[in-house]
Amino acid sequence: MRARIAHIASNTFREAVRDRVLYNLIVFALLMSGASILVGQISINIERLVVINLGLTAVSLFGMVIAIFIGIGLVSKEIEKRTLYTVLSRPVRRWEFIVGKFFGLAGTLVVNTFFMAIGVFAALLYVSHSFQKPDAWVLVALYFIILQFLIITALTLFFSSFSSPLLSAVFAFSLFVIGSFAEDLRGFAGITQGVTRWLATGAAYLVPNFSALNVISSVAHSNPVSGQLILYNSAYALVYATLAISGAVLVFEHRNLK
Amino acid sequence: MAAIEILGLEKTYSVGFWRKKPKYALRPLDLAIEEGEVFGFLGPNGAGKTTTLKLLMGLIFPTAGTARILGMEVDDPKMKAQIGFLPEQPYFYDYLTARELLEYYGQLSGVDPKHRSRKVDDVLQRVGLPQVGGVQLRKFSKGMLQRVGIAQAILHDPRVLFFDEPMSGLDPMGRREVRDLMEQLKHEGKTIFFSTHILSDAEALCDRVAVIHQGELRGVGAVADLTSSVHGKVEVVWQGTAVPASLRALGAECHITGDTVRAVLSEANQDTALEALRRERMRLISVTPVRTSLEDYFIQKLQPGVTVGARA
């Protein structure tokens, strides 16, 4: 079972690499190099703040775009091109296929983030000339970004298990945007009453809380991240991604492959 | 034990927006295919052949009925390790080379890693693609992809093979090679269930055939039995360019091709016809009884109102 999931994941990773998904790293490298040189020339004493903010936001956005645009095709492309037929006619269970696909894309995003992180730290070194102790919190921010990728990948997989690629992209992107304002939504729920309060609270807890996973601004200002938040966010992402994948499996297990 | 047992397998789709109406993709189907048998599943396009194969592969779910392969349910992974499937007009991960694809499928089928590479070499050799193992599949022609499809189906040495239109997209040479390969597999004792609408392939390869039309089984029988029944007519062939008047008087249907005349007439008139040809000093080439062809059987079963009475 584990071997089959690993083989499917590794093939998904290989597909992403051969489809030149990692080429986005070149654009990212150019962006970081340009930004570092520019920031070094125009800003005074806030170079570090600008580089961290810009670098981590770019890591997050590049990854989200990859997660959504590859995620929507993970299942639908296999059905449309009928490559799935020769996989599922082997001793591969449908849930193993879904889980394998998830790990394949998650692995791609982790590798992509790893190389981008090198770029961020290189730019940081260029503008600050040395690393400082608070720079270690950038690693935590990157870890939280990866947690966001896991959630959005699982959600995209869930949507693509029953809807068209276009709708899946719309749903996933909408959830990303709404989830980025999840704390505001919770605040809004707190000041409303009656049915609105019910609906707003329900929506606030249903959408992924990406705002809690975003500590970019905080680490850019050299603020530390508490161990409790790291633990809470890890558990949250794990549970949310597991539920979304379970939903995808549940739908896919009963789907007729046309 | 039958290798494949299909018991009342049925697939219905709902069509329409407001008033949903059932559309029968497959009406209750009962079939049993013995181990070692080559079974042809014949029918025109849209008859329900691919639907049946998808149901057997667990790709779609039946509305009613069940099927067992090698005595196991169709979703049993133990059973799936013992079958091979070639879909119609197969398409594979085109970013992989043929060798990488077969390695991947070998991994998923649980082929022993120690022998996997050798098995991939063997199977590439067997389907006539030993030189292009390292070429990406996006550069393959339709015929080459069909061969890769056959290679992935037989890679793990399965006991039962399901081929959906295996000759489709192949040139005459390719068709001949696939036919030879299927004959080899038959000699190795594999059970082969294949769908086709190319009747000559079915006639050459199959022990038994079933005819399906509009989702309904119209007939099942052994190819030898179906093609051995005699019409009570004979075909007389001779060298010449003219038909003697006495032969026309017997009601013979004559066709002249080049310097050969082919006449089909009643068996009762055979001696009279031969006597007429001798008189006219025509050079006789052959006299053969006219047998029912698989095509005759197929056409007959497609007529409206034809149903298969008993369970096959």
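How close do the axes of helix 8 and helix 9 of chain A come, and at what angle do they cross? In this predicted model, features described locally need pLDDT of at least 70 and side-chain atom pairs count only at pLDDT 80 or more, while totals for chains, interfaces and linings use all residues. Residues are numbered from 1 along each chain as its sequence is written, with chains lettered from A and ligands numbered from 1 in the order in which they are written.

The axes of helix 8 (residues 182-191) and helix 9 (residues 194-206) of chain A come within 8 Å and cross at roughly 160 degrees. Helices here are DSSP runs of H or I with at least four residues, strands are runs of E with at least two, and both are numbered from the N terminus. Axes are lines fitted to C-alpha atoms, for helices over the stretch in contact, with angles from 0 to 180 degrees between N-to-C directions. Helix 8 and helix 9 of chain A are therefore roughly antiparallel (over 145 degrees; under 35 is roughly parallel, 65 to 115 roughly perpendicular and the rest oblique). Residues in contact (C-beta atoms, placed from the backbone, within 7 Å) include Leu185(A) and Phe188(A) from helix 8 and Ala200(A) and Ala204(A) from helix 9. By class, this contact has seven nonpolar, one polar and two charged residues; Ala, Val, Leu, Ile, Met, Phe, Trp, Tyr, Cys and Pro count as nonpolar, Asp, Glu, Lys and Arg as charged, and the others, Gly among them, as polar.

Helix 5 (residues 94-128) and helix 6 (residues 136-160) of chain A also pair up, with axes that come within 10 Å and cross at roughly 150 degrees. That makes helix 5 of chain A roughly antiparallel to helix 6 of chain A. Among the residues touching are Phe102(A), Leu105(A) and Leu109(A) of helix 5 and Ile145(A), Phe149(A) and Leu150(A) of helix 6. The contact splits into 16 nonpolar, two polar and one charged residues.

Then there is helix 3 of chain A (residues 47-80), whose 34 residues reach 48 Å from first C-alpha to last, close to the 50 Å expected at 1.5 Å a residue (1.5 Å times one less than the number of residues).

Between the chains, the contact takes 20 residues from chain A and 23 from chain B. Helix 3 of chain B supplies the largest share of chain B's side, four residues. By class, that side has 17 nonpolar, five polar and one charged residues.

Conventions:
Two residues are in contact if their C-beta atoms, placed from the backbone, lie within 7 Å.
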